[in-house]
Amino acid sequence: MELRVLQYFLVTAREENITRAATQLHITQPTLSRQLMQLEEELGVKLFHRGRHNILLTEDGMLLRRRAQEIVDLTKKTEHELRHEEEKVSGEISIGCGEAQNMKVLCEMMASFRQKYPDVSFEIYTAIADDVKERLENGILDMGLLLEPVEISRYQYVRMPIEERWRVLMRRDSPLAEKEKITPDDLADVPLIIAKRQSVRNELEHWFGQRAQNLHIASVCNLSHNNQSLMVESGLGVAMTMEFSGYEDALCLRPLEPEITSGCVLVWKKNQILSPAVARFVKHVGEWLEG
């Protein structure tokens, strides 16, 4: 079957009249009739009930119309994508990020993307999820790397592969450093440095259980690992933080018991037109994760 003949067939099925279809296709009526009869001979089925003034599809014709439309649509889509691949992709992609292990994964995605599209650059804005979401809503950011819990009903998203784990950051000379895992009882009366974000605090308070009412809070902070490290090193307290690397040798991380883990998602707003660079990066991210 030729694509051209399938297009002839679809126009004829829509017009239900050979003369009108031939006019639409800018060919003669005998030429169109001959093409349709050859298509029937090729398939070995009758596609039309031919009347004096109109022609109607048979059941086989209805089946072919569905399949032919799918073939034509897929062909157009493929042609468009191939033409688009030849276009030069440039511009800036702005991404808001929290401090997460999945940032390493995102960096690998960005690096591999720029190998294909070197004229695209990235702007990275580091902040807590609430700030990132506000900037997404205002159109300042194209995408956001968010730690859960987060309401994502307003976004398209992909789930990142690394599970983020909560840890306690402490000085190596702390008595807690001798323990392999830290329980809520271990942190009774210990000065704590915890996140300011309420949804995160709720999750940590759930982990503390009954002890949540009597926590010794020395400091709350939005970010960052660097500031947390400085506060812990100074002796202000121990920090409830996500697992990270690059802290001072004088400090150490210990896991929680029971463990707390959080998912991480890369999001972008629903129902908005993406720039060519962002749309191409979204596609690249999906292919990267599948691969």
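E257 has a relative accessible area of 36% and is therefore partly exposed, a class lying between buried (under 20%) and exposed (over 50%), computed with a 1.4 Å probe and protein chains only. E257 pairs with K181 in a salt bridge whose closest N and O atoms are 3.5 Å apart; the term denotes a side-chain nitrogen of Lys or Arg within 4 Å of a carboxyl oxygen of Asp or Glu. K181 lies in the loop between strand 7 (164-171) and strand 8 (192-195), and E257 in the loop between strand 11 (251-255) and strand 12 (261-262), so this pair ties together parts that are 76 residues apart in sequence. Strands (E, at least two residues) and helices (H or I, at least four) are DSSP runs numbered from the N terminus.

The model is predicted: local features need pLDDT of at least 70 and side-chain atom pairs count only at pLDDT 80 or more, whereas totals for chains, interfaces and linings use all residues. Residues are numbered from 1 along each chain as its sequence is written, and side-chain values use heavy atoms, with hydrogens and water left out.

The structure holds 17 salt bridges, including those tabulated here.

| Salt bridge | N to O distance | Relative accessible area |
|---|---|---|
| K181 and E257 | 3.5 Å | K181 45%, E257 36% |
| E163 and R165 | 3.7 Å | E163 41%, R165 29% |
| D173 and R171 | 2.8 Å | D173 55%, R171 31% |

E163 is partly exposed, and R165 falls in the partly exposed class. Through salt bridges that share partners, E163, R165, R167, E243 and E259 are joined into one network.

Among the helices, the axes of helix 2 (residues 18-25) and helix 3 (residues 29-43) come within 9 Å and cross at roughly 105°. Axes are lines fitted to C-alpha atoms, for helices over the stretch in contact, with angles from 0 to 180 degrees between N-to-C directions. The two helices are therefore roughly perpendicular to each other, a term covering 65 to 115 degrees. Helix 2 contributes I18, T19, A21, A22 and L25 to the contact, and helix 3 contributes Q29, L32, S33 and L36; contact means heavy atoms within 4.5 Å.

M1, L3, L43 and I71 make a nonpolar surface patch of about 320 Å². Patch residues have over 30% relative accessible area and no salt bridge, and nonpolar side chains are joined within 5 Å. I71 belongs to helix 4 (residues 59-86) and is partly exposed at 39% relative accessibility.

Definitions and conventions. Patches are made of residues with over 30% relative accessible area and no salt bridge: like charges are joined within 9 Å, nonpolar side chains (Val, Leu, Ile, Met, Phe, Trp, Tyr) within 5 Å. Accessible areas come from the Shrake-Rupley method with a 1.4 Å probe; for residues, only the protein chains shown count as cover. Angles under 35 degrees count as roughly parallel, over 145 as roughly antiparallel, 65 to 115 as roughly perpendicular and the rest as oblique.
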